[in-house]
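I opened the file and kept notes as I went. The entries below follow the order in which I looked things up.

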Amino acid sequence: MQLNVLGQENGGEAAASSCASGSCGSDNDQMAALPEAIREKVKNHPCYSEEAHHYFARMHVAVAPACNIQCHYCNRKYDCSNESRPGVVSELLTPEEAVMKTKAVAANIPQMTVLGIAGPGDPLANPGRTFDTFRMLSEQAPDIKLCVSTNGLALPDAVEELAKHNIDHVTITINCVDPAVGAKIYPWIYWNNKRIYGEKAAKILIQQQQKGLEMLVEKGILVKVNSVMIPGVNDEHLKEVSRIVKEKGAFLHNVMPLISEAEHGTFYGIMGQRGPEPEELQDLQDACAGDMNMMRHCRQCRADAVGLLGEDRGEEFTLDKIAAMDIDYDSAMKTRAVVHAGIMEELEEKEEKRKRLAAVNVPASADIIPEDTRPVLMAVATSGGGLINQHFGHAEEFLIYEASPKGVRFISHRKVDQYCIGGDTCGEKESALAGSIRALKGCESVLCSKIGYEPWSLLEEAGIVPNGEHAMEPIEEAVMALYKEMIASGALAEKAPEAESISA
Amino acid sequence: MALSIVDSCVNCWACYDVCPSNAIYQSSAHFKINPKKCTECEGDYAHPQCASICPIEETILDAAGEAINPLGSLTGIPPEKMKEAMDEIQAR
Ligand code: SF4
Ligand code: SF4
């Protein structure tokens, strides 16, 4: 059979799947670089806006089990280990069940603005199930934004249909643009009714991804590109990927770390391929950022995640629980509209305040920080709302910010094992706390609402200064305030003596 | 002549979607092939479609009971290496 790579005879229906990309990520100040029309579209999307992700929630429904490619970081015997977190079996839903669940969540969590289909296979390799779900939702719940993630193999065939359902965000996972690199990531694809291996397979996949990207951009559909950083395989190469996809009009490029534990049973896990160190990841993300917004808060959500980024309330919405709920979606939609307007107002107020503060700060000469003051990494414990409002011991993850003379910049989030889940029931408190401290490596301070005596002293020993003084304050302002306090106290003197001359 | 699915199937639906004979059905533990309907794709495709898309090795067997996708053929993980890793994980 003649392969017709660029035409798409026969590709679509048959597409099976790979683990589809998660659909989260963001960064706020770089939001400013986006054209107004795009900013308008993404400003209340928790995955694309660092600001919005503290307020708005997203959910994924697992309606797409089949996949049409194999990735070396995925093992279909478990869940996809990279783009949906491993270890827990998803409850596969029919399109009807997915619609029921979405409406139940939207009614109970009015902050939920985005519904994504991301797997557990490749959504576009399940066109019937994926598009039935989108069609019903755009009819029955028009106030919910729809998005989809794909490996791209079946994308060109799906663009027409996607445009019909008014889906404005598509995430394509693109790990390479060179078939020789691709052959080290994808062992096979299912294409034109055959299993195809090696470079030949990678070449077809790459062509389909690039073509799909171009077609979406032409239709005015927002495209985000996700890449998995695999040290020694595609790390350097991703800079070129970044350049090409941005040239073609992707509005975001999100680089995620490879997850490759041996127990996931993936090729990379078994063969001992390592994932990137946090610093390597950050360097590559910085190199790929350019003038484009990166999504540092991306949580690599599971294909069935529910709630604010970093939290998963899926347990509250299992099928039997939903069946017992009586949802009046029309009235829910009214409540939702009020809640959304309230949040947008609050975000706008924050924005105004930021501008006001910026305007006030500049002329205040005492406030100017010399350009050569060294930057500082700080960790923040927050349970949402953009505030420092979480107890150190309750934080399941920390947000990492960098304070520098240029301002405050969100870097990433780091997961920690909880050393205390309310109460003193845990036996291995100390060792788990040591784990949290390791997760904070490189940070000089951690801001939280409260902190216990024991972790306090251990943190200090580790050279991380705990700070509860800024409880309930907005994160960026508190980080900047603490940075100035550190400068004033001479805490930055060791590595940057010139900081001593500063008064805050 | 017919193919069959064994219990390593992970219920991913991929084969179900591509079978030209509607021979595959969902069953309690895993997907199964109705031997009366399965044509081995004769007349439709050069390769049996279910076995061309199934991601799990040793899950789809030919009429003689042999795995169409033997261990290592899809993941690229050499079977010894897999065993070594699994032994090590279990010993933890
Ligand atoms: S061999 Fe062909 S006909 Fe038989 S079950 Fe598989 S896909 Fe269907
Ligand atoms: S493709 Fe393989 S694993 Fe998936 S349902 Fe069919 S037999 Fe099971």
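**Helix 7 of chain A**

I began with Arg243(A), which at 45% relative accessibility counts as partly exposed; buried means under 20% relative accessible area, exposed over 50%, and partly exposed in between (1.4 Å probe, protein chains only). This is a predicted model, in which local features need pLDDT of at least 70, side-chain atom pairs count only at pLDDT 80 or more, and totals for chains, interfaces and linings use all residues. Residues are numbered from 1 along each chain as its sequence is written, chains are lettered from A and ligands numbered from 1 in the order in which they are written, and side-chain values use heavy atoms, with hydrogens and water left out.

I looked up the partner of Arg243(A). Glu247(A) forms a salt bridge with it, with the closest N and O atoms 3.2 Å apart. The term asks for a side-chain nitrogen of Lys or Arg within 4 Å of a carboxyl oxygen of Asp or Glu. Both residues sit in helix 7 (residues 237-247) of chain A, 4 residues apart, about one turn of the helix. Helices (H or I, at least four residues) and strands (E, at least two) are DSSP runs, numbered from the N terminus. Glu247(A) is exposed, at 60% relative accessibility.

I then noted a network: Asp286(A), Glu402(A) and Arg409(A) are joined by salt bridges that share partners. Over all chains, the search of the whole structure finds 13 salt bridges.

**Helix 4 of chain A**

Next I asked which residues of helix 4 (residues 155-164) of chain A are buried. They are Leu155(A), Pro156(A), Ala158(A), Val159(A) and Leu162(A). Seen down the helix axis, these buried residues fall within an arc of 140 degrees, so they line one face of helix 4 of chain A. The arc is that of the directions from the helix axis to the C-beta atoms.

What covers them? Helix 3 (127-140), strand 4 (145-150), strand 5 (169-173) and helix 6 (198-219) of chain A are included in the cover. Contact here means heavy atoms within 4.5 Å.

I turned to the other face. Glu160(A) and Lys164(A) are the exposed residues carried on the face of helix 4 of chain A turned away from its buried side. Glu160(A) forms a salt bridge with Lys219(A), the closest N and O atoms being 3.1 Å apart. That pair links distant parts of the chain, from helix 4 to helix 6 of chain A, 59 residues apart. Lys219(A) is partly exposed, at 42% relative accessibility.

Lys164(A) has a partner too: its side chain meets that of Glu161(A) in a salt bridge (3.5 Å, N to O). Being 3 residues apart in helix 4 of chain A, the two are separated by about one helical turn. Glu161(A) is partly exposed at 26%, and Lys164(A) is exposed at 62%.

**Chain B against chain A**

How many residues does the contact take from each chain? I read 28 from chain B and 28 from chain A. The area buried between them is about 2200 Å², of which carbon and sulfur atoms give 62%. Buried area is the accessible area (1.4 Å probe) that two parts lose on being put together, summed over both. In chain B, Ser52(B), Ile53(B) and Leu74(B) lose the most area to chain A, together 20% of what that side buries.

The rule finds 1 salt bridge across this interface. Asp17(B) forms a salt bridge with Arg129(A), with the closest N and O atoms 2.5 Å apart.

**The ligands**

I checked ligand 1. Of the 13 residues around it, Cys19(B), Ser21(B), Cys38(B), Cys41(B) and Cys50(B) come nearest; a residue is near if one of its heavy atoms lies within 4 Å. By class, its shell has 9 nonpolar, 3 polar and 1 charged residues. Ala, Val, Leu, Ile, Met, Phe, Trp, Tyr, Cys and Pro count as nonpolar, Asp, Glu, Lys and Arg as charged, and the others, Gly among them, as polar.

Ligand 2 has residues of chain B around it, including Cys9(B), Cys12(B), Trp13(B), Cys15(B) and Cys54(B). Its shell has 10 nonpolar, 2 polar and no charged residues.

**Positive phi**

Trp13(B) came up again. Its phi is near 75 degrees, a positive value in a residue other than glycine. Trp13(B) lies in the loop between strand 1 (4-5) and helix 1 (14-18) of chain B. It is buried, at 17% relative accessibility.
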